[in-house]
Every structure is written in structure tokens, then in C-alpha cells.
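Welcome! Have a look at the structure below, and then we can walk through some of its parts together.

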Amino acid sequence: MLAARVILEQGIHVEGINFFTGFCVEGHTHAIRKRDRGRPKRNNSLWTAEQLGIKLHIVDIIEEYKEVLLNPRHGYGANLNPCLDCKIFMVKKAVEWIRNHEFDFIITGEVIGQRPMSQRKDTMPVVAHESGAEDLLLRPLCAKNLPMTKPEREGWVDRERLYDFSGRTRKPQMALAHSFGIEEYAQPAGGCCFLTDEQYSAKLADLWRHLGEKRYEFDDIMLLKVGRHIRPAANYKLIIAREEGEVNFLQGYRKEYPSLKTLSHTGPLALIDGDPSEEQIGQAAAIIARFSKGKMEQRVEVEITSPNGEARILSVKPLSPRELEKEWML
Amino acid sequence: MTRVKVDARRLLCPLPVIRVQDRAVEMDPGDEIEAICTDPGAMQDIPAWCRVHGHQILEKRKVENEYLIVVRIGDHHRE
Ligand code: SF4
């Protein structure tokens, strides 16, 4: 937001691009989880564009992003976040975009030393080079610490009116935002991407381990965002809704996955992902019963519905807390 | 004037916006897009997208469990 504002101040036409990888936090999570509904439901990029008075283009890169996440040349960060490869890929897409739309150069809000993996002094040129942007990539907030780019050389932008921010502190950015009259300056440090989340990454790693290879479909990564995931055996796992919003969301998947629901007592909806044996279906039902209001009862009735709508009922003894193994919880 | 339908049911934001946006590329000022969504977030996001691109919202309402949003492409589209 700030980088765009700095360039707008120089009278230059700016438009925004937002890439949707499928791992973006906002939107989905708010839509799904009821407890998050108190938070602003806005799309942050659209909101920012509106504050700046610029157009915003949202680009769906879900399919192409798979290659970035599955085989990152520069590896992962603290979790399964391939930040450096991700940046390179996004700038590369931006290069394509400016060529197709007759724009002259690209700006990003990066600041040297702000993030451990992708915003170091030595990785800045890697992004510019490997994306093919080379000297068309300008970082207005730290440009003065970096070699001159074409827009500066050609006099399209005034280098003197760019900045030399560096390091993890955000104070200079806050001060600059304040001087522009920007009061709500939201720039979360990786907080907008599920791949930086430890728990999410653990669930994704579990998915790959049990698929026997690194791959995913869009539905897989959506379902990893929702519910409690329990893997009692290598060949199946349960996704259990934790609240009403998640129940509604999981309902939409009942034609693709077998589902479980307690009948005799109030309880959550759960999906089965995998191929459990008959005995394991009984085990799954006992687990679901554990999460129902009947968890202290001797028997709980659980309905199992297959994707074609066929339903049957099992009567099970809810699992005791001791039997619910810690390692099952993802 | 052309009016097209965009089925964005079961898609979560920002995908409904992306579907409408990608459809708008082929359209002319005055044309209309009727989007049907199931994610209530679209009720905020599609109008926000319209505001930044200068399009107009003609209609926005809940029909049972779905949301209907009608967009009119703005006069300065493609500029
Ligand atoms: S946090 Fe996520 S979106 Fe951001 S650079 Fe890293 S992988 Fe990409």
C-alpha cells in the first residue's frame, strides 16, 4: 500500500495486482468460521485499492502455483512457505501482465531485511533476475539501498523521493503512512498466507505423507483450512466440524466424501477422507461419538452416509479420552 | 446490451470476484453480469471490486441461500 502511494505521489498511474494462490487466509476463513464473523469481512487488497483510488486486478494462480509449492528451488521457510520461489513467481506473472497491458515497470512493497527468507539484501537481486523483471522491478521503500533501476535511470520516477528503509522495524513505514494520512496501515507479516502457519503446514505435510507423493487438489487445501483433523490410521482421516459455520461448509462436500453424524445426541458433522475398513468405520463412529453430547453414554447412534446418499446407522460406545491417541490429532 | 450469467456457487471469496472480473474483460460499457454466489462475502467483495473499477451495482439481494448480484459495466471500462 505504501509503495503504491509513494509512486502515486509522483503523479504516476498505478494499478494493483493481487495473486490468489488458494492459501490466502482472508475471505475463506471468514466465510467459513462463525467465530471470525465479527472481524471485517472485506477483502484487504480491494480495500487497499479503494483507499488509494487505484484499480485492482485479482489473478487466479491456483493451478500454476502447485509447481511453486511442490518443488521450490530455493526451499521452504520455517513452515511450508516457499517465500522466495513464491515472490519470484509472482513477479514473473507481473512481468507477463505489464507486457500484455502496456505498463512500464513493477513496484513491490519489499523492504530489505524485513523478512528472513525473501527480503534479504542478497535475495532481492535473485527475485529481480529469476523473475525476468531485471531492472524493471522497483522497490520504492528501499530503492536508495539498491542499485538504480530503469524507471529511475530514465527519470520516470525521482529516486530522491524514494526511501531507504531496512530491517525489521516498521516504525519508519508507520511514520510515512501517518504523513500520508493513512491511519489504518495493515501489512501483516506473512499472516495472510496459510503456508506460514505451523498447524496448517503440519496438516499439508501429513496429506503428502499419506498420498505417498507431494500433490494436491484445490478441495484438499480448502479442507485443510477447516475443522479438526484426526488420523487414527494411515489409510484414513476424519475432518470434524468445530462449529456451525464449519458444519455448513463441510455439508457441501457430502457428495464427495462419506460423512458421519450422531443421531441419538447432538454432535458435529464429520467427513472421512481415505478408505477405511469396516472395523475402522466403527472406530471413526466411536471417535465422532466422543465429540458429541453423548460422550459419557454407553451407546451413541451414528449415521454414516456414503457420497451417493445411502445411509446406515451404527450403535457405538464413544471412545474414552484415553483411547483418543494424541498422535492422531493433526 | 448483453447480459450474461456467472455461476459462482460454492466458490469462496475472492473466487466469485475473479469469475466476474474475468467475464467483464470481454464486455462493453452498459453490459450486465448477473452473478449467483453462495459465499456471503461476495456481497461485500463484488461491490468493492465494482467501486475500484467504476462499475455499477444494479441489484444485490439474498434469494433463499444464494446471493444475486447484478453488475453494470462502467462507461470507462477498457480505458
Ligand atoms: S507468505 Fe505465502 S504468499 Fe507470502 S511470499 Fe510467502 S509463500 Fe508467498
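In what order do the elements of chain B run from the N terminus on? They run β-α-β-α-β-β.

## About the model

This is a predicted model: local features need pLDDT of at least 70, side-chain atom pairs count only at pLDDT 80 or more, and totals for chains, interfaces and linings use all residues. Residues are numbered from 1 along each chain as its sequence is written, chains are lettered from A and ligands numbered from 1 in the order in which they are written, and side-chain values use heavy atoms, with hydrogens and water left out.

## Chain B as a whole

Chain B has two helices and four strands. Here helices (H or I, at least four residues) and strands (E, at least two) are DSSP runs, numbered from the N terminus. The radius of gyration of chain B is 11 Å, close to the 12 Å that the globule rule gives for 79 residues, so chain B is as compact as a globular protein of that length. That radius is taken over C-alpha atoms, and the rule is 2.2 Å times the number of residues to the power 0.38.

Along the principal axes, the C-alpha atoms of chain B fill a box of roughly 35 × 20 × 15 Å. Of its 79 residues, 56% count as buried, where buried means under 20% relative accessible area (1.4 Å probe, protein chains only).

## Strands in chain A

Now to chain A. Strand β8(A) (residues 269–274) runs antiparallel to β6(A) (residues 236–240), and five bridges join them; two strands pair if DSSP finds at least two bridges between them. In this pairing, Tyr236(A) stands opposite Gly274(A).

β8(A) also pairs in the antiparallel sense with β7(A) (residues 259–262), over three bridges. Here Lys261(A) stands opposite Leu269(A). β7(A) and β8(A) form a hairpin, with six residues between them.

## A buried valine

Val14(A) sits in the loop between α1 (2–8) and β1 (16–20) of chain A. Is Val14(A) buried or exposed? Val14(A) counts as buried because its relative accessibility is 10%. Not counting residues up to four places away in sequence, Val14(A) touches Ala4(A), Ile7(A), Leu8(A), Ile54(A) and Ile107(A), a contact being heavy atoms within 4.5 Å.

## Around the ligand

Which residues are around the ligand? They are Tyr65(A), Pro82(A), Cys83(A), Cys86(A), Cys193(A) and Thr196(A), each with a heavy atom within 4 Å of it.

Conventions. Buried means under 20% relative accessible area, exposed over 50%, partly exposed in between (1.4 Å probe, protein chains only).
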